Amino acid sequence: MIRALVSPLDWAGASGEFDMTEARSFVPAAGRDWLLPFYDPLLRLLGEERIKETLIEAADIRPGQRVLDLGCGTGTLALMIRERCPEAEVIGLDPDPKALAIARSKAERAGAAVEWRQGFADDLPFEDGSFDRVVSSLVFHHLPPDVVRAALPELRRVLEPGGSVWVLDLSHGGTHGLHGLLARFASHQHGDEDVAGQLPTLMEGAGLLAAEARPCRRTFMGPLVLTHAQAPG
Ligand SMILES: C[S@@+](CC[C@H](N)C(=O)[O-])C[C@H]1O[C@@H](n2cnc3c(N)ncnc32)[C@H](O)[C@@H]1O
């Protein structure tokens, strides 16, 4: 039963495909490395497709656009974007080589062309103005406050003038709902309790325009907030 729930990934050498020279800590997708194989099955049970669909629709991605999925984890959002907008170029970035190995293996099985990069939100390995859209789901509550503050100017930097950023995240720093229970079970440290509430102010402080947060859905995981802003045109 458990075997059937676990992603069919060859774990041997999972980190070998990505540069591990820059050791730096981060909160992994399921809070603990050993829980990662359960991340996708659990998210599916919790209705992740509908949640991520909401983000993709709002971001209004057009053919030919370059899209960064920030904190892509196991790659589901990036792959959904490729499926729905096959003419968009999609790049998934995450610090976790094990999650990226799962993402790569899912993309290969789906025959989907997505570029996977290892990196951190506050030190993006991209040129200025590289993207028309930056999207991110369920990531910001994993980031310490200083990383959130340093990441937002980076998002602005890598956006084209007039490009936009779309952040879907749990409100209350993920401390409510089933996510709050699971986070306590995995005893993983989260960022600021009210990161979603502070994002519009922080985004505008980083030079992004018209930042706005709106409550999105109530899910088993907890209530979600969708925040967006635009790079100056
Ligand atoms: C809950 S998972 C969300 C994964 C994916 N976006 C999704 O919606 O399923 C949070 C992700 O944030 C990533 N993360 C943690 N710290 C990060 C950082 N400093 N910069 C970028 N991503 C980070 C983790 O590795 C993890 O994959």
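Helices (H or I, at least four residues) and strands (E, at least two) are DSSP runs, numbered from the N terminus. With those names in hand, let's start the tour.

This is a predicted model, where local features need pLDDT of at least 70 and side-chain atom pairs count only at pLDDT 80 or more, while totals for chains, interfaces and linings use all residues. Residue numbers start from 1 along each chain as its sequence is written.

**The whole chain**

Show the protein chain as a cartoon and you will find 8 helices and 7 strands. Of its 233 residues, 45% count as buried; a residue is buried if 20 or more other C-beta atoms lie within 10 Å of its own, exposed if 12 or fewer, and partly exposed in between, with C-beta atoms placed from the backbone. Two residues are in contact if their C-beta atoms, placed from the backbone, lie within 7 Å. Among contacts between residues at least 6 apart in sequence, 72% join residues at least 24 apart.

**Stop one: α3 and α4**

Select residues 48-59 for helix α3 and 76-84 for helix α4. Two packed helices are described by the angle between their axes and the distance between the axes. Here the angle is about 60° and the axes are 10 Å apart. Axes are lines fitted to C-alpha atoms, for helices over the stretch in contact, and angles run from 0 to 180 degrees between N-to-C directions. α3 and α4 are therefore oblique to each other (under 35 degrees counts as roughly parallel, over 145 as roughly antiparallel, 65 to 115 as roughly perpendicular and the rest as oblique).

Now show side chains: Glu 48, Lys 52 and Ile 56 in α3 meet Thr 76, Leu 77, Met 80, Ile 81 and Arg 84 in α4. By class, this contact of α3 with α4 has 4 nonpolar, 1 polar and 3 charged residues. Ala, Val, Leu, Ile, Met, Phe, Trp, Tyr, Cys and Pro count as nonpolar, Asp, Glu, Lys and Arg as charged, and the others, Gly among them, as polar.

Centre on Met 80 in α4. Is Met 80 buried or exposed? Met 80 is buried, because 20 other C-beta atoms lie within 10 Å. Leaving aside neighbours within four places in sequence, Met 80 is in contact with Lys 52 and Ile 56.

**Stop two: a pair of loop residues**

Move to Asp 60, in the loop between α3 and β1 (66-70). Asp 60 has phi near 50°, a positive value in a residue other than glycine. Asp 60 is exposed, with 11 other C-beta atoms within 10 Å.

Next pick Leu 138, in the loop between β4 (131-137) and α6. Phi of Leu 138 is also positive, near 60°. Leu 138 counts as buried, with 23 C-beta neighbours inside 10 Å.

**Stop three: α6 and α8**

Select residues 145-158 (α6) and 195-205 (α8), whose axes come within 11 Å and cross at roughly 40°. α6 and α8 are therefore oblique to each other. Val 148, Arg 149 and Leu 152 in α6 meet Val 195, Leu 202 and Met 203 in α8. That contact divides into 5 nonpolar, no polar and 1 charged.
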